Every structure is written in C-alpha cells, then in structure tokens.
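Hi,

Here's the structure I said I'd pass along.

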Amino acid sequence: MFMGSRLWSLLLGTVVAGCLGACSPAQEAAQSLTPSAQNPAPLLPATVPATPVLSVTERPTVAQSTPSVPRRQNGTPTTVAATAILRPSPPSGSHGSESLVVEYGASGRREVALTFDAGADRGYGEEILDLLAQEGIKASFGMTGMYAAENPDLVRRMVDEGHMVFNHTWSHQSFTGANPGTAPLTRAERLEELRTTETLVRDLTGYDLRPYFRPPYGDYDASVLTDVATAGYGVLLLWSCDSRDSLGATADEIVANCG
C-alpha cells in the first residue's frame, strides 16, 4: 500500500505495504524484515498501537514562482506552470554518502502509514483513491515509470489530491537480483531506472520524487545505498507490515496480518 502523513507518517508506527493491482506473486513478496545483512535492524523502535488510527498526512501545496514544466496532452507537449509542493524535511542522516534505510518509527501519535506500490496493472487504483478521499486519508505511492507511463491520469490524481509519491524504479527490476535470482544491475542501470521515472513523473505533474525511494522486492545492499544516494535518493523506504494482497490475501487476512 502507500505511505503518508507528514513523511514521518510514512515511518510512524507501522508502515503497511501493498500493491495497487495484480502484482505478480514474486513482486512485493512478503518479507520478514528481521535484521540481516540485507535488512539491518530497524532504525527506530516499532510503535504498533492496539487500535491503529489512520493518519491524515498534511503535505501543503503552495503556489510559488517556479519554472514551467512540460506536460503531454494527447501526446502533444504543452507547458504548464509548476506548483511547488512542499513536503517535510527528510529525516536526519539522510544526506550522507549512503541512503538512510527506514522501516518504521515512532511519532508519538497513534497512527499507521499506508504505502502502495504502483508497478503492475491499473488494478484498483481508482477505487483506492476514491476510498482515501472519502475517508480523508493521505497515503503514499511507490511509482514505477512503466505504471506512470500507462496511467498518467492516476499519477496526476495522486499528486493533485495531496498524496506522497516516491520512486520505485522504471521497470521493477531488482537492483541486487536477490529475490528474483537475476544478475544485479550495474550502477549505470540503477541510475537510469531512477532518473527515467523521476523525469517522467516530473513532466506529468511537476512533482519531484526525490529523496524517497523503495527498492523493488525490498532488495538492497551497501552498493545500492551508495548508488541511490548519489542520485539524490537519501531515504530508502521499506515497510514493517506487508499486507500480502499481492499473494492473494483476503480482506480479513489483511486485517489480521496488519491489524
């Protein structure tokens, strides 16, 4: 799912992850995220309230004098005035030579962060956005470039309705190859995956995905942390609870798993 609420709402308490549509069983597969060489111990203590309350993320939108950004309408390039979208400052320690890894955190509030990964088909994107709007909830969306290219209307709606969007690469290839058993991407390939997605989303909406990045499959190592940091992605976002919707979990099973 998606993340949201003051970006620290993204980290607050439990970060629930899921998919918009029919992600393949391999995509976003359930992971324990227990400390390991790939998944080090959480940076902040988990705060899981007995009765989680979904937070409403405030990400103010303020019109400022900013450069225009290109936007395509029916395939024809046009120019629209950019609106500066202000987000909270990234957490401390996210501007070093390595990206800061975040799984969950504590804000002092009773809330969870909803994060969705938009990387497969159109899925239930419209219905999810409708429900979030109905309930007054702000969430966060991990965006692949391929999804954005195929669903520009949904990407614009996410941004227009005040949700947070972060980079989930162009094609959802594992940077390390760990989960799918593929060859690791080179540094140049990793940067291309990030930058093509970043450019497309900026062209569509004026929204800058940096500095937040979620690695496909949750795969990362020391080289990934270094490479993505050099591209301006100083915060690597994981999750503390996988809804397992991509594995076919029912609504009751999702509630039991993440409740």
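Below is what turned up, loop by loop.

Quick housekeeping: this is a predicted model, so to speak of local features we need pLDDT of at least 70, side-chain atom pairs count only at pLDDT 80 or more, and totals for chains, interfaces and linings use all residues. Residues are numbered from 1 along each chain as its sequence is written, and side-chain values use heavy atoms, with hydrogens and water left out.

Start with the loop between β9 (164–167) and α5 (187–205), where you'll find His172. (Helices are DSSP runs of H or I with at least four residues, strands are runs of E with at least two, and both are numbered from the N terminus.) His172 is buried, at 4% relative accessible area; buried means under 20%, exposed over 50%, and partly exposed in between, using a 1.4 Å probe and protein chains only. Its side chain makes a polar contact with the side chain of His168, at 3.4 Å. (That term means a pair of N or O atoms within 3.5 Å; within protein, one must be able to donate a hydrogen and the other to accept it, and residues adjacent in sequence count only if both atoms are side-chain atoms.)

Thr169 also sits in the loop between β9 and α5. Thr169 isn't a glycine, yet has a positive phi of about 75 degrees, and is buried at 0%.

Arg244 is another non-glycine with a positive phi, about 65 degrees. You'll find Arg244 between β12 (241–242) and α7 (251–258), in the loop, partly exposed at 39%.

Lastly, the peptide bond joining Arg210 and Pro211 is cis, with omega about 10 degrees. Pro211 is in the loop between α5 and β10 (212–213).

Cheers
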